[in-house]
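Colleague: I have a new model on the screen. Can you take me through it step by step?

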Amino acid sequence: MQQSLRDFLRYVSLNVMGMLGLSCYILADTFFVARGLGSQGLAALNLAIPVYSLIHGCGLMLGMGGATRYTILRHQGREREGDAVFTHTLVLAFALMLAFLALGIGAADPIARWLGADETVLDMSRTYLQVLLLFSPAFLLNDVLLCFVRNDGAPQLSMVAMIVGSLSNVALDYIFIFPMQMGIFGAVLATGLAPIISLAVLSPFFFQHKHSFRPVRCRASAAMAAAIVGCGLPSWVTEVSSGVVMILFNAIILRLQGNIGVAAYGVVANLSLVVIAIYTGIAQGMQPLVSRSFGQGRPDEVCRLMRYGMTMTLGISAALYILIATGAGSIAAAFNGEGNPALQAMAEAGMRLYFLGGPFAGVNILLCVYFTCTDRARPAQVIAILRGFAVLAPSALLFSGIWGMTGLWLAFPAAEAAVMAAALLWYRRRGAHPLPMDVSAGV
């Protein structure tokens with residue numbers, strides 16, 4: 001049991017640090033754009049961020065889906081099939097790269113307009129979107145290889161690559177926006193270069209032949225491709241739902257408060273990326289251990305790891321909310337370079353209400369990854385879709401119609417709480433490997 005806890009703390013702590021670093025991609029952009037380009041730059045950035053969520057979500061879908069399948073097969077002694085999974089993952093990533101590149105070359109303007117950019121922010125939004133899409137191959141390949149390297153027994157290297165890439169993004173953001181005066185193009189160029197730097201950090205792992213996975217000649221299998229996508233779909237929905245929520249919230253806020261409201265939501269939304277990254281880091285850090293234990297036929301170990309994950313998620317949630325609620329004024333001021341009082345007031349109120357949903361979101365993300373790791377993609381997909389689309393969207397429309405901005409902020413915690421209650425109830429009744437009763441009751 002002590003070894004199990006040590007492994008859990010090692011994998012999870014490393015992955016949480018890495019995911020925190022990864023989430024700084026957009027947070028650094030938000031801070032420097034707010035300081036360098038004001039509220040219009042912040043609004044333009046916020047309108048373009050959902051496309052980043054889509055790209056990153058696709059990378060996580062293939063990386064998590066492929067790496068989970070690879071780990072289960074490897075610990076069942078089926079190494080050749082595991083390598084075939086890696087090969088299929090690369091092929092799927094290449095196909096998505098071509099699609100995103102095509103959008104970047106020919107569709108940045110209509111996408112920006114569809115996302116809600118008006119004439120005052122259109123140029124900046126279009127620039128950000130186009131460059132982001134043209135760097136999509138680096139984002140996708142980086143996400144895939146980070147997941148496989150972590151599952152191949154090198155969580156430290158995965159963490160270092162994520163953190164180095166993110167720190168380089170922060171440094172380049174400052175250099176490009178301020179000394180070099182490159183504006184929004186500098187912000188997105190720094191973001192696009194970060195995964196390339198991360199890949200450079202990972203490269204010795206492959207050049208020195210430390211990896212166990214490798215591409216192999218194999219027959220194309222639609223069933224294997226579907227299994228990879230199905231296994232990774234909850235990760236895609238979790239990530240992409242952030243983008244979908246931003247699109248919906250932006251549309252509602254534009255109607256309620258205009259561009260200043262969108263800028264205020266940008267502060268909340270970008271902080272949310274960091275909070276969700278912590279929960280994702282816990283869940284993804286557990287993933288190699290749970291997949292390994294499941295592949296080895298050790299259900300007691302799987303449940304023990306789940307207990308650790310639930311305890312850490314709820315403890316971190318409490319600490320995060322206290323920090324955000326007490327520091328809301330300082331956080332909002334850091335992103336309010338113009339000192340706009342309306343932006344300040346909306347952002348402060350939004351943070352205190354929106355992040356009430358943190359613990360519910362954390363438990364939902366953990367359950368999604370748990371089901372995926374135990375080779376039951378369908379329940380994970382249902383939970384992810386419920387929290388990403390089916391419950392939050394109508395909640396946002398209903399609550400904002402009744403209570404305005406206050407209702408919009410409360411839609412997120414209300415939706416996550418409803419999904420968590422339904423998921424745990426369904427899980428107790430239908431789960432093939434039920435959660436320990438003390439864990440379920442503790443939630």
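What follows is a short exchange of questions and answers.

Colleague: What kind of model is this, and how many helices and strands are there in the protein?

Modeller: This is a predicted model. The protein has zero strands. Its helices number 15.

Colleague: What is the radius of gyration of the protein, and how does it sit beside the globule rule?

Modeller: For 443 residues the globule rule gives 22 Å. The value for this protein is close to that, so the protein is as compact as a globular protein of that length. Its C-alpha atoms fill a box of roughly 60 × 50 × 35 Å along the principal axes. The radius of gyration is 21 Å.

Colleague: What percentage of the residues are buried?

Modeller: A residue counts as buried when its relative accessible area is under 20%. The protein has 443 residues. The buried share is 59%.

Colleague: What part of the accessible surface belongs to carbon and sulfur atoms?

Modeller: The accessible surface of the protein comes to about 16400 Å². The part from carbon and sulfur atoms is 67%.

Colleague: Which residues is Met286 in contact with, leaving aside neighbours within four places in sequence?

Modeller: Beyond its sequence neighbours, Met286 is in contact with Phe8, Val12, Leu305, Met306, Gly309 and Leu366.

Colleague: Is Gln181 buried or exposed?

Modeller: Gln181 is in the loop between α6 and α7. Its phi is near 55°, a positive value in a residue other than glycine. Most residues other than glycine have a negative phi. The cut-off for exposed is over 50%, and at 63% relative accessibility Gln181 counts as exposed.

Colleague: Is Thr191 buried or exposed?

Modeller: Thr191 is in helix α7. Its C-alpha atom is 9.1 Å from that of Gly165, 26 residues apart along the chain. The relative accessibility of Thr191 is 0%, so Thr191 counts as buried.

Colleague: Where is Ala107, and is it buried or exposed?

Modeller: Ala107 is found in the loop between α2 and α3. The C-alpha atoms of Ala107 and Leu129 are 9.3 Å apart. The relative accessible area of Ala107 is 16%, so Ala107 is buried.

Colleague: Which residues is Phe412 in contact with, leaving aside neighbours within four places in sequence?

Modeller: Phe412 is in helix α14. With a relative accessible area of 7%, Phe412 is buried. Its contacts are Tyr354, Gly357, Gly358, Ala361 and Leu392.

Colleague: Which residues does Pro379 touch, not counting those up to four places away in sequence?

Modeller: Pro379 lies in helix α13. Its relative accessible area is 11%, so Pro379 is buried. Pro379 and Trp426 are 47 residues apart in sequence, and 9.3 Å apart from C-alpha to C-alpha. The residues that Pro379 touches are Phe371 and Trp426.

Colleague: How far apart are the mean positions of the positive and negative charges?

Modeller: The protein has 26 positive and 20 negative charges. Their mean positions are apart by 10 Å.

Note on methods:
Residues numbered from 1 in each chain as written. Predicted model: local features only at pLDDT ≥ 70, side-chain atom pairs only at ≥ 80, totals over all residues. Heavy atoms only, no water. Contact = heavy atoms within 4.5 Å. Helix = DSSP H or I, 4+ residues; strand = E, 2+ residues; numbered from the N terminus. Rg over C-alpha atoms; globule rule 2.2 N^0.38 Å. Buried < 20%, exposed > 50% of the residue type's maximum accessible area, 1.4 Å probe, protein only. Areas by Shrake-Rupley, 256 points an atom, 1.4 Å probe, with all protein chains shown as cover. Lys, Arg positive; Asp, Glu negative; His and termini not counted. Charge placed at Lys NZ, Arg CZ, Asp CG, Glu CD.
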